[in-house]
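Hello,

Here is the structure I promised to pass on. Please open it first, then read the notes below it.

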Amino acid sequence: MTINDLRGVLKGRVLLPDDDGFEQAATAWNLTVRQPVAAVAEAADADDVAALVRYARRAGMTVTAQPSGHGASGDVQGLILLRTGLLNEVEVRAQERVVRVGAGVKWGQVLAAAGPLGLTGLAGSAPGVSVTGYTLGGGVGWFSRKYGFASDSVRAVDIVDADGEPGRVTAESDPELFWALRGGGGDFAVVTALELELYPAPVLYGGRVIWPEHRTREVYDAFLEITAEAPRELSVWINRLQPPGAPPMVTLDLAYLGEAAQGEDLLARIDKIEGAISDSRGVVPVADLGDITAEPTDPAPSIARAELLTGLDADAVELLLAKPVEPLINVQIRHLGGALAEPGGGAGASGAVAEPYLLGLLGLGLPHAADATRAKQAEVVADLEAYISGRKPYTLLSPGDTAATSFSGSALARLREIKRARDPHNVFRANYPVLG
């Protein structure tokens with residue numbers, strides 16, 4: 001059996017390294033990540049996924065599934081890259097407050113379908129990210145302070161197991177695998193569809209406020225005051241931005257799951273800061289949630305690093321503001337806490353996040369800038385060493401990280417036991433494998 005035999009197995013397209021279009025099909029969303037895979041298989045449907053897994057099992061090969069290429073690590077030498085973008089059905093069952101999504105669906109599609117019904121899923125900041133990839137890794141987004149990880153909202157998972165057999169996994173049918181799939185990554189099965197709980201969102205208030213750099217101290221002071229008392233419905237993120245070719249600036253990104261008048265009251269502290277360049281605060285349709293941060297929607301070369309902070313006091317702020325952002329593009333702090341720190345009894349593998357803040361460092365990954373970006377990220381982390389916990393959610397891992405940094409010792413041991421039992425021949429490999 002050779003890799004060429006794969007063409008006769010699937011209805012969908014199969015591309016090998018010598019084929020036109022292979023490089024583009026194998027490209028990760030982050031263009032700094034190279035994916036030296038043996039083949040790219042584009043599944044036409046769930047039956048194609050099962051056929052591919054059976055082929056890989058017989059051929060002694062490994063499958064790595066990437067709906068959109070977000071979160072890729074590059075650790076895919078000689079693997080079969082499975083693209084599930086054609087599994088793109090979205091079914092909202094409004095009475096049940098449940099949405100069923102195929103493995104290729106992106107968050108923007110869910111929000112567009114659920115928003116007009118007064119509902120939302122637990123999306124992140126970028127509508128182009130796949131629901132499945134985001135959710136399998138946990139998923140930390142705008143409404144996580146209120147409802148926790150996106151993975152904890154999963155109600156059922158359609159999979160193909162390591163023998164190529166389709167199945168449906170719920171808390172009742174297979175509690176161990178159900179736990180692992182919700183936040184443990186894609187190491188245990190290929191997911192072909194998810195059913196997730198939706199949440200009431202009759203009104204959403206939010207937006208972005210931008211000030212020039214010289215207001216940074218005032219904006220940080222406001223950020224600390226607001227987050228000290230913020231209800232779980234309110235999420236606030238602060239950014240020190242250095243856009244290429246533009247002056248530095250500071251922004252607050254805001255989302256409040258409630259009435260506009262209440263949101264305005266909670267954020268009245270912002271109005272005391274003069275000199276705003278722009279202020280987009282207002283009622284935000286759920287379908288337009290991604291407009292708050294307006295993150296890039298096309299693949300780009302970037303280098304990101306995330307760290308959890310055990311606190312954010314005056315000394316930490318001094319360290320954050322002491323040096324310029326450059327050569328980074330963004331130094332971001334997200335307020336966490338709330339439900340993330342107190343998961344319910346039915347939570348998945350993501351567990352709890354006790355740390356109240358998340359540090360995000362983003363820079364260009366272009367050849368002339370990559371070394372400087374990494375060096376600056378390391379410098380910021382070293383400056384904040386006393387505040388960095390050393391762990392981070394799976395969904396925020398980046399090349400160079402391992403799954404071991406995401407889980408407690410007992411949770412990692414449990415995930416590894418499930419992996420060995422469910423996939424003893426390593427038919428599946430996640431972006432960050434639990435046995436890696």
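**A charged residue without a partner**

Arg334 is buried but forms no salt bridge. The nearest side chain of opposite charge is Glu295, 4.4 Å away. Some terms first. Buried means under 20% relative accessible area, exposed means over 50%, and partly exposed lies in between, using a 1.4 Å probe and protein chains only. A salt bridge needs a side-chain nitrogen of Lys or Arg within 4 Å of a carboxyl oxygen of Asp or Glu. Lys and Arg count as positive, Asp and Glu as negative; His and the chain ends are not counted.

This is a predicted model: local features need pLDDT of at least 70, side-chain atom pairs count only at pLDDT 80 or more, and totals for chains, interfaces and linings use all residues. Residues are numbered from 1 along each chain as its sequence is written, and side-chain values use heavy atoms, leaving out hydrogens and water.

Back to Arg334. It sits in strand 18 (residues 328-335). Strands (E, at least two residues) and helices (H or I, at least four) are DSSP runs, numbered from the N terminus. The Arg334 side chain makes a polar contact with the side chain of Ser125 (3.5 Å). A polar contact is a pair of N or O atoms within 3.5 Å; within protein, one must be able to donate a hydrogen and the other to accept it, and residues adjacent in sequence count only if both atoms are side-chain atoms.

**Salt bridges**

The whole structure has 32 salt bridges. Take Asp174 and Arg422, which meet at 2.7 Å, N to O. They link distant parts of the chain, 248 residues apart. Asp174 is in the loop between strand 9 (166-169) and helix 6 (175-181). Arg422 is in helix 11 (residues 409-422). Asp174 counts as buried because its relative accessibility is 18%. Arg422, at 31%, counts as partly exposed.

Next, Asp187 and Lys419 meet at 3.6 Å, N to O. Asp187 lies in the loop between helix 6 and strand 10 (190-197) and Lys419 in helix 11, so this pair ties together parts 232 residues apart in sequence. Asp187 is buried at 1% relative accessibility. Lys419 is buried too, at 2%.

Arg305 and Glu307 form another salt bridge (3.0 Å, N to O). Arg305 is partly exposed at 28%, whereas Glu307 is buried at 5%.

There is also a network of salt bridges: Arg93, Glu96, Arg100, Asp158, Arg168 and Glu195 are linked in it.

Best wishes
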